[in-house]
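Student: I would like to learn how to read helix packing, pockets and aromatic pairs in a model. Can we work through an example?

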Amino acid sequence: MASIPGAANEANGVRRFVVGTAGHVDHGKTRLVEALTGVDCDRWEEEKRRGITIDLGFASMQEDGWQIGFVDVPGHERFVRNALAGLGGIQMMVLVVAADEGVMPQTLEHLAICSLLRIPAGVAVLSKTDLVPADLLELAQLELEETLADTPFAEAPILPVSAETGEGLERLRKTLVDLAREAAPLDRHSRLPARLPIDRAFQLQGLGVLVTGTLARGTIAAGDELDVLPSGTSARVRSIEVHGESRERAQAGERTSLQLVGVGLEDVARGCELTVPGVYRATSSLLVRCRLLESAPEPLQGICSVRLHVMAAQRVGRLRPLSPEGLEPGGEAIAEIRLEEPLVAIRGDRFVIRRPSPQTTLGGGEVLDPAWRHRRGKALGTTIEALGKDTTSAAVQWTADGREAGLATSELALRLGVVRGDAASVLTDAAREGLLLEAGPERFVTAGTVRSVSRRARRLVEAHFAADRLSRGMPKAELVRRLLGARAVDLAPAYLDWASQGDSDRAVTVDGDLVTLPGRTGELTGAESKLAQDIVEGFEKQGLAPGSPEELCRTLGAKPQLFDGVLRYLVERGRLARLPNGLVLAYSSLERFQADLLATGWDTFTVAEFKDRFGLTRKWAIPLLEHLDRQRLTRREGDRRRVLRPRG
């Protein structure tokens, strides 16, 4: 998903387009913009004193129903970081090369940056033509053609221009409008959630905090509440300007100025982003596809310190190529980047990496996973291959990464920078293709995960029966806890349903609150049947106050493990009853006792009356009363209990 808009925008009958200058220092970028717009973008005292651009400048011109906005960037090598803050959101590159000097180091670096960022369109300007004769101008044009030949801008028009005499300015104006008109429409970017990378923030007395940037996606309207990332605060838009014109709404691709309330200047520095709430998030771990420039000083091997530029943000981090060969100049490889501080990124964002010291542009590429978690072994190769493909393949891989918990549409939306509905469409389409299964509301898992969970469920149930052969089944709650844990417990119904589907390949069978194996009966052997009969008779003889199971086990001379298994079998099948405190008695004794209670004629009774009537000690009286309460045969009312007789 490209994050740089590539189209014109229209509001109030005027179509808008944003371009950015590029080129070596003192080649006339700022003077050219002034000649086109009448605006001197060097607003700082230091810029005017030194005669060079230090920071970003902004201006616009009106031509043939179009408003062309300019982001004028500094050309000095010391200020490339400032240039990158402006180049990240432009729709067209205007590469300026002085005819009297030709292609210079920053010409090449800026051109490489625009290529890495995949700026959609470009035009080259040979400036200062009034300073050279015709033959030198022709040589300069040939040199520039050769420079552009191996770049995405090989077909860009090359226009000779003199900002001093005005020669070529009208042709340049017309060319800018023609290229803007040819650009693809911004419909898709306008429909995406709003995202404004901030390239300038300041405070004016009486107005509060103001920020500017090129609106990369969506629309922003006065009154909107926006997230401020990565700080996590929020701000409300009080007013909007687009190139000095007050507007109620700004749209993707427009140079936008916002007056904000509810936020301090310290929260909205350059590199922060204003976004629709809940759609974007900051990250400090990225998986990227990175290309190293042929001019890079050396290969990247192991862990390398880099300065990462995404949109208007820059962060220091560590890059590690994930191929054993590393990353050679002119080559491309998958790499992971760990940042010291977070920035906003989504899949598809373009980036540039520079060496922190000495500062040199090394390369750039595309973000594949903005929430990367390190992997090793075979899983790494599989993951890289999937994330390097299309969005559906990436979504399936992220779903597999989630294992039993799968992938929520909200998580996919954050990684792609889209609303939940669009993320849900990606996942449901994958489910229709058989790549995913829907495990719950807005939650998907892979078929491989379902098979794995079903196999593990069967193994757990088998282990349960190996430890307790006579059990009716494994408690469902215990199986879910051991099988899915807290991360995916809400998906238990779906997993148990899948595991119990089919005839010949069913993994388990769900029976109420128990889980068993298909076709399993769990019948007693001959010796176990005899022991079961002896246990029941032993408890029946002792009535309402039998001894402990351990005492009966010793009396019968049974093996404790076998005795315990048969005892649980009898309790599960209703031949013995286990009271709240763990005491056991024959169910036939319990039924006779309940009938005797109803025959007493009592409406209410006390504990003392109950003990006297049935000859019980407190050890047995209290558990029996709790049992009666649970069975709704009695109800506690203060110090007494009321007998609840069945109607009729």
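Student: At what angle do the axes of helix α18 and helix α20 cross?

Tutor: Keep in mind that this is a predicted model. Two packed helices are described by the angle between their axes and the distance between the axes. Here the axes of α18 (residues 587-599) and α20 (residues 618-630) cross at roughly 75° and come within 12 Å. Angles of 65 to 115 degrees count as roughly perpendicular, so α18 is roughly perpendicular to α20.

Student: Which residues meet in α18 and α20?

Tutor: From α18 come L590, F593, Q594 and L597; their counterparts in α20 are L624, H627 and L628. By class, this contact has five nonpolar residues, two polar and no charged.

Student: F593 also has an aromatic ring. Which residue forms an aromatic pair with F593?

Tutor: The whole structure holds six aromatic pairs. In one of them, F593 pairs with F614 edge-to-face, with 5.0 Å centre to centre and 75° between the planes. Because F593 lies in α18 and F614 in helix α19 (residues 607-614), the pair ties together parts that are 21 residues apart in sequence.

Student: Turning to pockets, how much space lies in the largest pocket?

Tutor: About 630 Å³. The lining has 22 residues, and L108, A112, L293, E294 and S295 are the closest to the centre of the pocket.

Student: Which element gives the largest share of that lining?

Tutor: Helix α4 does, with seven residues. The elements giving two or more residues are α4 (105-116), α5 (134-149) and β23 (360-369). The lining divides into six nonpolar, nine polar and seven charged residues.

Key. Residues numbered from 1 in each chain as written. Predicted model: local features only at pLDDT ≥ 70, side-chain atom pairs only at ≥ 80, totals over all residues. Heavy atoms only, no water. Axes fitted to C-alpha atoms, helices over the stretch in contact; angles between N-to-C directions. Helix = DSSP H or I, 4+ residues; strand = E, 2+ residues; numbered from the N terminus. Parallel < 35°, antiparallel > 145°, perpendicular 65-115°, else oblique. Contact = heavy atoms within 4.5 Å. Nonpolar A, V, L, I, M, F, W, Y, C, P; charged D, E, K, R; others polar. 1 Å grid on protein atoms, 1.4 Å probe; cavity = no way out; pocket = protein on both sides within 12 Å on 5 of 7 lines; lining within 4 Å. Points joined across faces, edges and corners; volume = space filled by probe spheres on them. Phe/Tyr/Trp six-rings, centres within 6.5 Å; stacked < 30°, edge-to-face > 60°.
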